[in-house]
Structure formats: C-alpha cells, structure tokens
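Take a walk through the model shown below.

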Amino acid sequence: MNIRFWGTRGSIAVPGKDTTVFGGNTTCLEIVLSGGTRVIVDAGTGIRPLGEHLLSLGESVQVYLLVTHIHWDHVLGFPFFAPVYSSSSRLYIDGFPTCMKGLRVTFDTRMGDGFFPVKFEDLRADIHYLERLKYGPLKIEDTTIDTIALQHPQGGFGFRFREAGKTMVFITDNELRDDAWAGRKPSDYAEFCMGADILIHDAQYTPDERRKRAGWGHSDYVAALELAEQAKVGSFWFTHHDPSRKDKEISATLLAYREIAKDKNLHFPIEAAFEGAELIL
Ligand SMILES: [Zn+2]
Ligand SMILES: [Zn+2]
C-alpha cells in the first residue's frame, strides 16, 4: 500500500509561516491499496487539496472514506472535497458509527438555516454508507481493515490495514494512559499494533502538557514512543500536531524522540508526519 499525508494537524487548521514544513491542514490520510483501490481516512481540511488532486487525474473518483470520529477537525473539510459535486464520483463511507451524522452536519439543514449554502441531499456524487466496521472487519479486495476503540471524548476508532503480510496502523486522537476510562489500556493498543510495519499515532502533547490536559484524549510523545517500542513496530510516525506547535518546535520534539530512542537502544525510524510525506509499504 502507498500512504500519503494530506493533513497532520490536530484541533484546528493553522496556516501561516510557522507551519510550512509539517503543514497546517487537519487530519487526512490517503492510502492506495495494492489492488489500486483508494481509501481516505478522515475528512479534515487536508481532504480539500486531496480532492483537487484526484480530479486532476482526469478519472472518475471512486474512494472509500473512513472516519475515525466526528470531532470538527476530522470532518470539516468534507464540504470542500470537490468530487462530492460530480455525478461521476462514488464514495463508500464507513468508520465510527456516528460518521454519517458528522459528515452531514457540516452541510446546511433542510430548513436552510445551517452551516453551509449546500445541502447534503444536493450532493451529486453517489454516496453509500457501508455500516460495516461497527460489526467487524471491512474487506476491500485483499486488504483487511479492523478497528480499536479510542481513548477519546465521545469515542472513535483507530484503524489497522493488513494486506499480503504487511500492516499499517493509524491511531489518532488517543490518550495512552493506564487508568483508561474507555476500557483500553496501553497494553491493549500494544497488542493491536504488534509487529506493525508502520505505526502512525497521535502525540499532540509534551508530557507536561498531557498532565495538564488529562482527559482531552491525546497522547504525549513519551507514551507514544513506548507504544511503538512495546509493539515492536517497523517504523513510527507521530501526528495530530498541536495547533500551537511551530515547525521548529516539532523538529525539536523529533530530536527529543530520537534521543530517548538512542538511550533505549531502539533502532526503528521515527518521523514527524508532514503534509506530502509518502510511505510505501
Ligand atoms: Zn483531532
Ligand atoms: Zn478528536
């Protein structure tokens, strides 16, 4: 599978001179499976340039859109995903059980007093809600996608993609903590991520920030690295960068990660997710 980041920011989009390296768009990940099918995870503001890219390919757009949860930063880009306005587009939507509600609410209501001048019903794309993942794994060609519950206010799903002996796990908006209120402990996530070739995980905070924002549903970089270590992953990417974090601060965090990894004698690559980064698995 080929993976590309279109949005790596948490909470709110932050354009500007301090976010040109790692990007200012909120969460959106594109995964092209080995069979050629395209899957998008989350419709943060990064889905807008992705939509333009897909239309520029000159083919009718057929995609799966999987939504981790419906906080604004993960659905806000959907009305600006240009393929939804084309009758030749086909979207298969799945994810956390409230995903359709979340995508709909970004549009106008039936009364014309909503959030956007267009109504969801007026979209021209052929949109199907699969409603599969809440019952178990979703199979797309030779790829199996399954989920784990997130430790996050109002809940959510992390996704694991497996095909031909390769595994990629994407878990954002997840607070790794021993006193898990949603019933998932760090050891559960380690089991879910075990042996993944690529782990992409939320690390919005520093340990100090995480202590002050306990219960906000995000991890610090020390806990996220511990997960990567315990799960014996092949490579680790941290994402959902805090909106206040400038490029140079994310670079400093990356160095901090690598210092810890060196002290622990860990040898897998560690990277900060940035817009445009492509991972080939
Ligand atoms: Zn988020
Ligand atoms: Zn969230």
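Which residues does L133 touch, not counting residues up to four places away in sequence? L133 touches D94, G95, L138, T147 and F157. Touching here means contact: two C-beta atoms, placed from the backbone, lie within 7 Å.

This is a predicted model, in which local features need pLDDT of at least 70, side-chain atom pairs count only at pLDDT 80 or more, and totals for chains, interfaces and linings use all residues. Residues are numbered from 1 along each chain as its sequence is written, while chains are lettered from A and ligands numbered from 1 in the order in which they are written.

Stay with L133. It is found in the loop between β6 (126-129) and β7. Helices (H or I, at least four residues) and strands (E, at least two) are DSSP runs, numbered from the N terminus. L133 counts as buried because it has 20 C-beta neighbours inside 10 Å. The cut-offs are these: 20 or more other C-beta atoms within 10 Å of a residue's own make it buried, 12 or fewer make it exposed, and in between it is partly exposed; C-beta atoms are placed from the backbone. Q204 is 71 residues from L133 along the chain, and their C-alpha atoms are separated by 26 Å.

F80 is another loop residue, placed between α2 (72-75) and β5 (90-95). It has 17 other C-beta atoms within 10 Å, so F80 is partly exposed. F80 and G46 lie 34 residues apart in sequence, and 9.7 Å apart in space from C-alpha to C-alpha.

Now zoom out. The chain has 7 helices and 14 strands. Its radius of gyration is 18 Å, close to the 19 Å from the globule rule for 281 residues, so the chain is as compact as a globular protein of that length. The radius is taken over C-alpha atoms, and the rule is 2.2 Å times the number of residues to the power 0.38. Along the principal axes, the C-alpha atoms fill a box of roughly 55 × 40 × 35 Å. Buried residues make up 47% of the 281 residues. Of the contacts with a separation of 6 or more, 67% join residues 24 or more positions apart.

Next, the helix pair. Helix α6 (residues 221-230) packs against helix α7 (residues 247-263) at an angle of about 45 degrees, with the axes 11 Å apart. That angle makes α6 oblique to α7. Angles under 35 degrees count as roughly parallel, over 145 as roughly antiparallel, 65 to 115 as roughly perpendicular, and the rest as oblique. From α6, the contact uses Y221, V222 and L225; from α7, it uses T253, A256, Y257, I260 and A261. These residues divide into 7 nonpolar, 1 polar and no charged. Ala, Val, Leu, Ile, Met, Phe, Trp, Tyr, Cys and Pro count as nonpolar, Asp, Glu, Lys and Arg as charged, and the others, Gly among them, as polar.

In α6, the residues Y221, A223, A224, L225, L227 and A228 are buried. Their cover includes α4 (186-193), β11 (198-202), β12 (235-239) and α7. Just after α6, K232 takes a positive phi of about 55 degrees.

Most residues other than glycine have a negative phi. E141, not a glycine, has a positive phi of about 50 degrees. E141 sits in the loop between β7 (138-140) and β8 (143-149), and is exposed because it has 11 other C-beta atoms within 10 Å. Q154 has a positive phi near 70 degrees. This residue is in the loop between β8 and β9 (157-163). Q154 has 12 C-beta neighbours inside 10 Å, so it counts as exposed.

Key
Axes fitted to C-alpha atoms, helices over the stretch in contact; angles between N-to-C directions.
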